[in-house]
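These are my notebook entries on a two-chain model.

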There are 2 protein chains.
Amino acid sequence: MINGPLKNLLVVDLTRVLVGPYCTMMLSDLGARVIKIEAPEIGDDSRKFGPFINDYSAYFMSLNRGKESIALNLKKPEDKKIFESIVSKADILVENFKPGTLEKWGLGWKELSKKYPKLIYASASGFGQTGPLKELPAYDMVVQGMGGLMSVTGQPNSEPTRVGTSIGDITAGLFTTIGINAALYDREKTGKGMYIDVSMLDCQIAILENAIARYLSKNEIPKPMGSRHPSIAPFEAFKTKDSHIIIAAGNDKLFENLCNFLKISEISKDTKFITNSKRSENMDELKIILENKLKEKKTSEWVKGMEELKIPCGPIFNIKEAVENPQIRERNMIVKSFHKVVGEFRTAGNPIKMSSYNDSTTRGDIPDLDEHRDKIIKEFCN
Amino acid sequence: MINGPLKNLLVVDLTRVLVGPYCTMMLSDLGARVIKIEAPEIGDDSRKFGPFINDYSAYFMSLNRGKESIALNLKKPEDKKIFESIVSKADILVENFKPGTLEKWGLGWKELSKKYPKLIYASASGFGQTGPLKELPAYDMVVQGMGGLMSVTGQPNSEPTRVGTSIGDITAGLFTTIGINAALYDREKTGKGMYIDVSMLDCQIAILENAIARYLSKNEIPKPMGSRHPSIAPFEAFKTKDSHIIIAAGNDKLFENLCNFLKISEISKDTKFITNSKRSENMDELKIILENKLKEKKTSEWVKGMEELKIPCGPIFNIKEAVENPQIRERNMIVKSFHKVVGEFRTAGNPIKMSSYNDSTTRGDIPDLDEHRDKIIKEFCN
């Protein structure tokens with residue numbers, strides 16, 4: 001178990017696939033004990049998602065390290081009894097069933113909070129527990145599409161482009177984790193738990209940043225812009241001699257430094273480029289000027305020079321390069337866990353570094369389906 | 001002020017642009033009082049980011065509604081004194097300066113925590129407070145590039161594609177908010193504050209999902225796949241008669257339902273498509289079969305039919321359609337705030353819905369630079 005701010009807290013984890021497991025993984029990384037309740041025989045759907053190592057899903061393993069597993073059929077009275085024995089000692093319940101599922105089984109918030117008023121009960125769902133779409137199932141792709149994010153991601157006029165990670169699930173997992181932690185603080189003050197309802201679609205609206213500001217203030221409908229930022233310039237990827245470099249000169253001073261470094265000082269004084277808003281207006285012209293210089297050297301040479309001058313810039317790393325970056329190693333962002341067949345398994349670590357707790361380099365073992373049944377029953381059902 | 005779990009808490013906000021302001025906006029949405037300390041004359045850089053309404057930045061307004069503003073030069077002794085008067089009463093300090101900046105001014109965590117041991121002090125930075133890159137500045141684009149996300153986002157072989165929102169800043173803002181809330185809970189138990197160090201680059205590693213699982217388990221280097229999910233199939237955008245439809249059939253049962261609905265039941269029994277991993281292998285072939293059927297009707301017709309059968313699907317909405325979705329209205333995801341010149345201003349709401357607190361339909365006013373000086377000085381400097 002991790003030594004963290006949530007130590008001594010027990011999480012009943014009724015989640016599967018990504019949004020819920022990502023949330024309970026964070027709770028585990030913060031020190032909580034997580035007991036994962038899985039459907040008998042099938043288990044978490046993601047146990048069947050690739051990539052696989054010796055028939056074990058690396059996808060499942062990367063999200064469920066350090067959790068305990070027990071298989072329960074929550075429609076059966078005897079399993080429900082085991083479930084309630086665990087819930088009666090729990091601080092937090094997290095679930096991502098379709099809204100109404102747990103109510104149907106007599107395990108909704110209203111029922112459970114009557115018996116366990118200190119329980120914090122969090123539901124993450126595609127569309128939320130209210131509203132006309134609440135009954136509909138959703139996966140990441142659906143909310144990336146309906147939330148507007150896909151309409152601003154991609155090259156101009158390209159085929160539909162999703163964000164290359166399941167950002168619909170992940171952001172909802174993060175918002176749910178915030179809600180749970182805020183509710184823990186609240187419980188210290190009030191002595192009471194609460195219900196937290198997070199919708200993946202809502203979370204997509206909450207992360208639209210300048211796109212939503214643009215629409216709500218100007219009725220503009222933003223479109224995909226490749227690598228370009230719509231409000232800041234220069235702020236995109238530029239061609240170099242061998243690949244691309246990202247340059248993010250977010251204010252006038254940085255732009256001036258960039259122009260001086262590239263020996264095109266006159267450009268930073270040109271009225272067409274003198275402020276961020278002028279540069280945004282005239283970015284096509286500015287891009288030609290910058291790439292004309294940048295094609296003279298390789299990305300690594302440019303990065304080195306610009307880094308010395310503290311001009312924000314960088315290469316576009318693939319996943320291998322991103323993971324092997326010494327900065328990432330030094331920050332303990334790749335941690336180890338263990339599976340009894342697969343052996344040592346590496347996953348992403350916890351980006352929240354806290355002075356009161358050591359950032360552990362390992363995580364608990366990866367559970368097989370129902371692996372901890374005996375231990376859990378012995379502990380909770382006496 | 002919002003009535004929420006963080007009511008009665010005071011946040012000293014030394015942040016600007018996006019990662020920090022997004023975090024303190026969340027704290028404000030959860031009920032905390034936020035006093036934003038801005039550089040005299042210049043203020044938050046994002047006051048100069050478009051789009052503008054009557055010369056006021058909608059970008060700034062959307063992130064800073066409900067905060068109070070005072071302009072202080074933290075290098076000047078008289079302003080430092082005002083600053084410390086505020087900090088002495090604060091619960092949380094959030095900053096996103098380049099690492100070392102506040103230490104240089106005598107306002108680092110070590111100094112302040114000696115005087116105010118209950119203070120929670122959170123730093124969000126591009127690369128974190130440690131490691132070889134800690135001195136370097138970063139903006140969203142830089143960490144999207146170096147964190148690997150851009151390498152898996154886009155069409156196959158397309159030009160570099162960023163996520164259409166500043167996901168580098170936003171995820172780091174969310175992780176910082178989680179850290180602060182966990183630290184608040186911890187403080188209830190220990191009586192002590194702590195230091196929280198979040199790096200935007202670390203957060204990019206933490207959200208890589210299947211891409212990092214793929215690399216760490218199989219040494220595969222994933223590439224952009226347009227709208228396709230690399231581990232789940234069918235899970236992408238398909239052409240219809242008039243536009244595109246997203247279909248996310250995440251398990252065998254859903255795929256069977258989809259095939260039955262499209263009157264191609266035989267496909268779900270075909271050994272090439274019978275499991276998720278077989279479908280992932282043979283997705284190019286499957287896409288041709290599905291699009292051949294899907295081109296017969298319009299997206300809205302398909303969506304209607306599939307929704308009835310609870311097959312996860314949806315259109316690709318632009319920002320206007322996303323914001324005007326009745327589900328989003330019903331969920332109170334567009335809230336109102338007020339600026340004395342611009343008037344009523346709409347922004348994204350809080351996706352964390354909590355049973356113990358009403359989800360307010362309004363937020364506090366938008367501050368001009370230094371607007372609350374007199375009030376703050378009167379309150380804290382006596």
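This is a predicted model: local features need pLDDT of at least 70, side-chain atom pairs count only at pLDDT 80 or more; totals for chains, interfaces and linings use all residues.

**Entry 1. Hairpin in chain B**

I looked up β12 (residues 334-339) and β13 (residues 343-348) of chain B and found them paired in the antiparallel sense over 6 bridges. β12(B) and β13(B) form a hairpin, with 3 residues between them. I then asked which residue of β13(B) is the bridge partner of His339(B). The partner is Gly343(B).

**Entry 2. Chain A as a whole**

I recorded 17 helices and 14 strands for chain A. Along the principal axes, the C-alpha atoms of chain A fill a box of roughly 80 × 45 × 40 Å. Chain A has 382 residues, of which 58% count as buried. I also looked at contacts in chain A between residues at least 6 apart in sequence; 68% of these join residues at least 24 apart.

I traced an open sheet of 7 strands in the order β5(A)-β2(A)-β1(A)-β6(A)-β7(A)-β8(A)-β14(B), and its pairing is mixed. Which strands stand at the edges? They are β5 (68-71) of chain A and β14 (352-354) of chain B, each of which pairs on one side only. Neighbouring strands of this sheet are turned against each other by 20° on average, with direction ignored.

Within the sheet I examined β1 (residues 10-14) and β2 (residues 33-38) of chain A, which pair in the parallel sense over 4 bridges. Val12(A) stands opposite Ile35(A) of β2(A).

I next turned to a pairing between the chains. Strand β14 (residues 353-354) of chain A runs antiparallel to strand β8 (residues 195-199) of chain B, and 2 bridges join them. Met354(A) has Ile196(B) as its bridge partner in β8(B).

**Entry 3. Contact between the chains**

I listed 132 residues from chain A and 132 residues from chain B in the contact. On the side of chain B that touches chain A, helix α7 (residues 167-190) of chain B supplies the largest share, with 15 residues. That side of chain B divides into 71 nonpolar, 41 polar and 20 charged residues.

I then compared the copies. The same surface serves both copies, as 100% of the contact residues of chain B recur in chain A.

**Entry 4. Ile264(B)**

I located Ile264(B) in the loop between α10 (252-261) and α11 (265-269) of chain B. Is Ile264(B) buried or partly exposed? I counted 15 other C-beta atoms within 10 Å of Ile264(B), so the residue is partly exposed. The cut-offs I applied are 20 or more for buried and 12 or fewer for exposed.

Leaving out residues up to four places away in sequence, I found that Ile264(B) touches Cys259(B), Ile289(B) and Lys293(B). Lys293(B) lies 29 residues from Ile264(B) in sequence, while their C-alpha atoms are 8.7 Å apart in space.

Terms used
Residues are numbered from 1 along each chain as its sequence is written. Chains are lettered from A and ligands numbered from 1 in the order in which they are written. Two strands pair if DSSP finds at least two bridges between them. Axes are lines fitted to C-alpha atoms, for helices over the stretch in contact, and angles run from 0 to 180 degrees between N-to-C directions. Two residues are in contact if their C-beta atoms, placed from the backbone, lie within 7 Å. Ala, Val, Leu, Ile, Met, Phe, Trp, Tyr, Cys and Pro count as nonpolar, Asp, Glu, Lys and Arg as charged, and the others, Gly among them, as polar.
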